[in-house]
Amino acid sequence: MADTIAQTVGRVQRLLHSNTRTELDVLAAAITDTTTPTVAVTYVADGIRNGSYISVDYETMYIHSTNDSNLTVQRGVQGSTAATHLINAQVDVEPRFSNFQIFEAVKDTIRSLPENLFGVSTQSVSYAGTAGDRAVSATLSNGFTRILKAVRTPRDARDRWTKVNVRVQEYDGDYEVILQDPPEKAIDVRITYGHPFVTSSLLTTTNLVSDIKMSESMQDIPALGAAAALVLAEESLRLDSHGAGDLRSEQSIDVGARARYSLMLQAQYERRVSQEARRLMAQYGVRDQAATSALFPTTV
């Protein structure tokens, strides 16, 4: 089953919180606008105090003061955006990493995936059967790196799909698929091509497979890269005991422990990238007619 970016955020949380616990609360009333400075919670968790942070969905709030279950907050802090929230929405109290932080790290990881990983799409292009015929396919505007396979419709019911030679030429941002040998009659050519991942719009609802065009086997990679980056950045905060509680004592964490865990995550990330690059190489290879270099690195 294909993950959304929101589900990838959940993967990262499992990697980061496997041995820690974050205090939780829930909203006692819905937040219906993006400006109200008052938030009501149900359980009044112990960690809710002046100067602390809470994370609700993908918004981070700073608590100025508390009055029993009513909190006076500053909305949309630390780069997050103020939003509306439903009643009973989960409130993370002084989270080790806010949902917004993880969301941003996941997006950064997806945008910086190495070029030896790429999306694969298939497009059918029709040719009328005239000399020099060529066709433009809007689907290729997702981007283009290489032709992986091109086959034409069978000549008759007993024939098979056969390989044909095509090349791709860019014209004003579109990619035109040109048949090298003029067909003797109207045919359809099924083109399988590699292209960069589609990262123009990365929302919590964006699907890694159908929208970004990752293969299903790659879905763990963004979570590993994001977790490695977050843990490494957190090492510098090890001695900051402001957010430490009985369930999350900083004294139990050795100096460098987080950096070592970050390196372990990074090594796993690089291993998975290498595995997926080799899988693409084995599955598709590289055609001589590719529009880009046939060099195909298998490690980051």
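1. Start at the end of helix α4. Just after α4, Gly 285 takes a positive phi of about 65 degrees. This is a predicted model, in which local features need pLDDT of at least 70, side-chain atom pairs count only at pLDDT 80 or more, and totals for chains, interfaces and linings use all residues. Residues are numbered from 1 along each chain as its sequence is written, and side-chain values use heavy atoms, leaving out hydrogens and water.

2. Overall make-up. The protein has four helices and 13 strands. Helices (H or I, at least four residues) and strands (E, at least two) are DSSP runs, numbered from the N terminus. Of the 300 residues, 45% are buried. Buried means under 20% relative accessible area, exposed over 50%, and partly exposed in between, with a 1.4 Å probe and protein chains only. Among contacts between residues at least 6 apart in sequence, 70% join residues at least 24 apart. A contact means heavy atoms within 4.5 Å.

3. Length of α4. Helix α4 covers residues 257–284, which is 28 residues. At 1.5 Å a residue these should span 40 Å, and the end C-alpha atoms are 41 Å apart, which agrees. The expected span is 1.5 Å times one less than the number of residues.

4. Burial of α4. Its buried residues are Arg 258, Ser 262, Leu 265, Tyr 269, Arg 272, Val 273, Ser 274, Glu 276, Ala 277 and Leu 280. What covers them includes α1 (5–16), α2 (99–111), β7 (119–127) and α3 (221–234). An α-helix has 3.6 residues a turn, so residues three or four places apart point the same way.

5. The α3 and α4 pair. Their axes come within 8 Å and cross at roughly 160 degrees. Axes are lines fitted to C-alpha atoms, for helices over the stretch in contact, and angles run from 0 to 180 degrees between N-to-C directions. The two helices are therefore roughly antiparallel. Angles under 35 degrees count as roughly parallel, over 145 as roughly antiparallel, 65 to 115 as roughly perpendicular and the rest as oblique. The crossing of α3 past α4 is left-handed. That term applies if the near helix is turned anticlockwise from the far one by less than a right angle; clockwise is right-handed.

6. Who meets whom there. On the α3 side, the residues are Ile 221, Leu 224, Gly 225, Ala 227, Ala 228, Val 231, Leu 232 and Glu 234. From α4 they meet residues including Arg 258, Tyr 261, Leu 265, Tyr 269, Arg 272, Val 273 and Glu 276. By class, the contact of α3 with α4 has eleven nonpolar, four polar and four charged residues. Ala, Val, Leu, Ile, Met, Phe, Trp, Tyr, Cys and Pro count as nonpolar, Asp, Glu, Lys and Arg as charged, and the others, Gly among them, as polar.

7. The α1 and α2 pair. These axes come within 9 Å and cross at roughly 110 degrees. That makes α1 roughly perpendicular to α2. Ile 5, Thr 8, Val 9, Val 12, Gln 13 and Leu 16 of α1 make the contact with Asn 99, Ile 102, Phe 103, Val 106 and Ile 110 of α2. The contact of α1 with α2 divides into eight nonpolar, three polar and no charged residues.

8. More on α1. Its twelve residues should span 16 Å at 1.5 Å a residue, and its end C-alpha atoms are 16 Å apart, which agrees. Ile 5, Thr 8, Val 9, Gly 10, Val 12 and Leu 16 are its buried residues. Their cover includes α2 and α3.

9. Two strand residues. Arg 152 lies in strand β9 (residues 146–152). Arg 152 is buried, with a relative accessible area of 4%. Leaving aside neighbours within four places in sequence, Arg 152 is in contact with Trp 161, Thr 162, Val 164, Glu 184, Lys 185, Ile 187, Asp 188 and Val 189. Thr 66, in strand β4 (residues 59–67), is partly exposed at 35% relative accessible area. Beyond its neighbours within four places in sequence, Thr 66 is in contact with Ile 48, Arg 49, Asn 50 and Leu 71. Thr 66 and Asn 50 are 16 residues apart in sequence and 6.6 Å apart in space, C-alpha to C-alpha.

10. Backbone points to check. Val 44, which is not a glycine, has a positive phi near 50 degrees. Val 44 sits in the loop between β2 (38–40) and β3 (53–56) and is partly exposed at 29% relative accessibility. Lys 213, also not a glycine, has a positive phi of about 75 degrees. Lys 213 is in the loop between β13 (187–195) and α3, and counts as partly exposed at 27% relative accessibility.
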